[in-house]
Every structure is written in C-alpha cells, then in structure tokens.
Amino acid sequence: MTLADGIWHQIFAYDNYGELLALVRNSLIAGAALGLIGGLAGVFVIMRDLPFAVHGISELSFAGASAALLLETNVVAGSIVGSLVAAGAIGVLGTRARDRNSAIGILMPFGLGLGVLFLALYKGRAANKFGLLTGQIVAVDTPQMAWLLGTSAVVLVALAVMWRPLTFASADPDVAEARGVPVRGLSFAFMIVLGLAVALSVQVVGALLVLTLVVTPAAAAARVTASPVLLPLLSVAFAVMSIEGGILLALGSSIPISPYVTTISFTIYLACRMAGIYRTRRWGSRRSAPQPA
C-alpha cells in the first residue's frame with residue numbers, strides 16, 4: 001500500500017460500515033437536534049453580528065467541559081455551565097459592539113487558558129482531551145442524550161417565544177425600542193440561549209470549530225435568500241446536512257469528525273455564495289438592459 005493509499009484509507013474507511021452505523025444511532029439523533037438549534041440560533045448570530053461572541057463563548061464552554069472531565073462529572077453539564085457564564089458576562093458587560101468585543105477579547109484567552117490547565121491536570125485518555133477541541137464521534141449514552149435533547153428543547157422553546165420581537169430588535173433596534181420592545185432584555189436572553197446552543201455544538205465539532213455549526217449555515221443561507229421564512233429553513237437544512245454528513249463520513253475512520261463537518265459546511269457556503277453572485281449579476285444585467293420603447 002502506498003502512502004497516498006494509506007492516507008486515503010484513514011480519511012475514508014468503510015470496513016464493517018453497517019455494524020458501525022448501528023453504534024451511532026444516538027449520535028445521529030443528537031446531531032439532528034444540534035443542527036436544528038444551531039441553524040436557528042445562527043440566523044440571529046448573523047443578523048446581530050455575533051460570530052466573535054460565538055467563539056468567545058466556546059472557549060469558556062471548553063473550560064467548563066475540561067473542568068468536568070478533570071472532576072469526572074458530566075462533561076455536557078460542565079460545557080453548559082461554562083457557556084452560560086460566558087454568555088451572561090458578555091450580555092452584562094457589553095451592549096454596544098465595542099464594549100462587547102472588548103469583553104469577548106478578555107474572556108477568550110482566559111477560558112482557553114483555564115481549559116488547557118484542566119486538560120494538563122487530567123490524566124485520563126488522551127482521546128478525551130483531543131475530542132473537546134476538535135470534536136469526536138462516539139455512541140452517545142443515555143445520560144448524555146437526555147442532557148442534549150432536554151437542553152435543545154429549552155433552546156427551541158425560548159427561540160419560539162422571542163422569535164418575532166427578537167427579529168424586530170435585531171433588524172432595527174432603535175425603532176423597536178421606541179415601540180416598547182425590551183431590546184436590552186431580549187439581547188441578554190438571546191445571549192443565554194446562544195450559550196446553550198454553543199455548549200451543545202461543542203460536543204460534536206469541538207471548541208475550536210464551533211463556528212462551522214452556528215455561523216456558517218446561516219451565513220450560507222443569507223447569501224441566497226432574505227426571506228424571513230426561507231432563511232431559517234435553509235440555515236437549519238444546511239446545519240443538519242453538515243453534521244449528519246460529517247458523522248456518516250467520519251464513521252469508521254481514524255480522523256476526528258470536525259474536518260468532515262467543516263468541509264461540508266464550507267462547501268455549502270461556497271455554493272451559496274456563487275449562487276448569490278450569479279443571481280446579483282443576472283439581476284443587474286436585466287436592470288441595465290435597454291427597455292423597449
């Protein structure tokens with residue numbers, strides 16, 4: 001076997017694929033739930049210009065998960081606690097973009113440093129350490145599934161309740177505030193919901209690449225539509241396609257799941273960007289064409 005063949009076999013290995021597929025049934029269910037909440041939350045992340053906040057929250061989520069790993073407690077719960085601390089701090093410390101970005105810039109290295117410290121103290125399996133940063137595909141056990149689905153349900157209910165006023169506040173905060181919409185309260189509430197969504201996404205793609213699940217699908221959808229109905233639907237569809245496709249491609253290989261998820265998500269974004277450029281040019285050419293007398 002040549003070196004190229006060996007590398008290819010590491011990336012795409014389908015030996016005993018059917019048997020392995022049965023082991024990740026819970027992972028596929030959890031992936032669908034994470035794609036749903038990531039795609040919906042991502043719509044407001046794009047509208048409110050919060051990609052940097054997503055990355056900042058993921059660093060504290062990583063620290064919380066690392067602490068839970070060190071203490072041998074529930075890693076999902078630790079990730080959620082870390083995310084909520086970060087989201088609450090960002091929501092309290094920064095309402096304006098400049099203040100918010102400064103707060104995030106302070107939290108990010110602190111969270112990453114704490115996470116590295118906890119992982120250095122952890123003497124267990126190296127795969128567990130690596131998985132927190134880059135994601136991992138393992139059979140999700142019943143307690144983890146309960147945490148994932150329960151928290152996903154909380155996020156979905158919260159988004160459903162605040163969807164219309166949050167859309168208004170995100171599109172035009174000044175007018176929304178003038179009409180009595182609690183803009184500051186909605187902003188803080190959404191940061192908490194975003195913290196939960198990020199914490200769950202970290203479980204699959206890892207702390208370093210969580211943007212690919214919460215930001216990229218919505219950014220791709222925004223390239224092809226501005227419809228308030230189609231935008232969230234496409235964002236969810238792209239997120240689910242990315243995570244489920246990543247799980248299925250990573251199954252059986254020795255490569256972490258995150259490269260597969262990020263590659264699918266980025267490919268979808270490129271396709272949507274090209275489609276958006278084509279549509280813009282076509283519409284421009286129509287407008288510039290001479291009109292009949």
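**Close-up views of a predicted model**

**View 1. Helix H12 passes helix H13 in a right-handed crossing.** The model shown here and in the other views is predicted. H12 covers residues 216-224 and H13 covers residues 230-250; their axes come within 8 Å and cross at roughly 135°. At that angle, H12 is oblique to H13.

**View 2. Residues at the contact of H12 with H13.** From H12, the residues that meet H13 are Pro 217, Ala 218, Ala 220, Ala 221, Ala 222 and Val 224. On the H13 side they meet Leu 231, Leu 234, Ser 235, Phe 238 and Ala 239. Sorted by class, ten residues of this contact are nonpolar, one is polar and none is charged.

View 3. The C-alpha atoms of Met 191 and Ser 83 lie 9.7 Å apart, with a sequence separation of 108 residues.

View 4. Ser 83 is buried because its relative accessibility is 0%, with the cut-off for buried at under 20%. Its side chain makes a polar contact with the side chain of Ser 61 at 3.2 Å. When residues up to four places away in sequence are not counted, Ser 83 touches Ile 57, Leu 60 and Ser 61, together with Gly 195, Val 198 and Ala 199.

Note on methods. Residues are numbered from 1 along each chain as its sequence is written. This is a predicted model: local features need pLDDT of at least 70, side-chain atom pairs count only at pLDDT 80 or more; totals for chains, interfaces and linings use all residues. Side-chain values use heavy atoms; hydrogens and water are left out. Axes are lines fitted to C-alpha atoms, for helices over the stretch in contact, and angles run from 0 to 180 degrees between N-to-C directions. Helices (H or I, at least four residues) and strands (E, at least two) are DSSP runs, numbered from the N terminus. Angles under 35 degrees count as roughly parallel, over 145 as roughly antiparallel, 65 to 115 as roughly perpendicular and the rest as oblique. A crossing is left-handed if the near helix is turned anticlockwise from the far one by less than a right angle, and right-handed if clockwise. Contact means heavy atoms within 4.5 Å. Ala, Val, Leu, Ile, Met, Phe, Trp, Tyr, Cys and Pro count as nonpolar, Asp, Glu, Lys and Arg as charged, and the others, Gly among them, as polar. Buried means under 20% relative accessible area, exposed over 50%, partly exposed in between (1.4 Å probe, protein chains only). A polar contact is a pair of N or O atoms within 3.5 Å; within protein, one must be able to donate a hydrogen and the other to accept it, and residues adjacent in sequence count only if both atoms are side-chain atoms.
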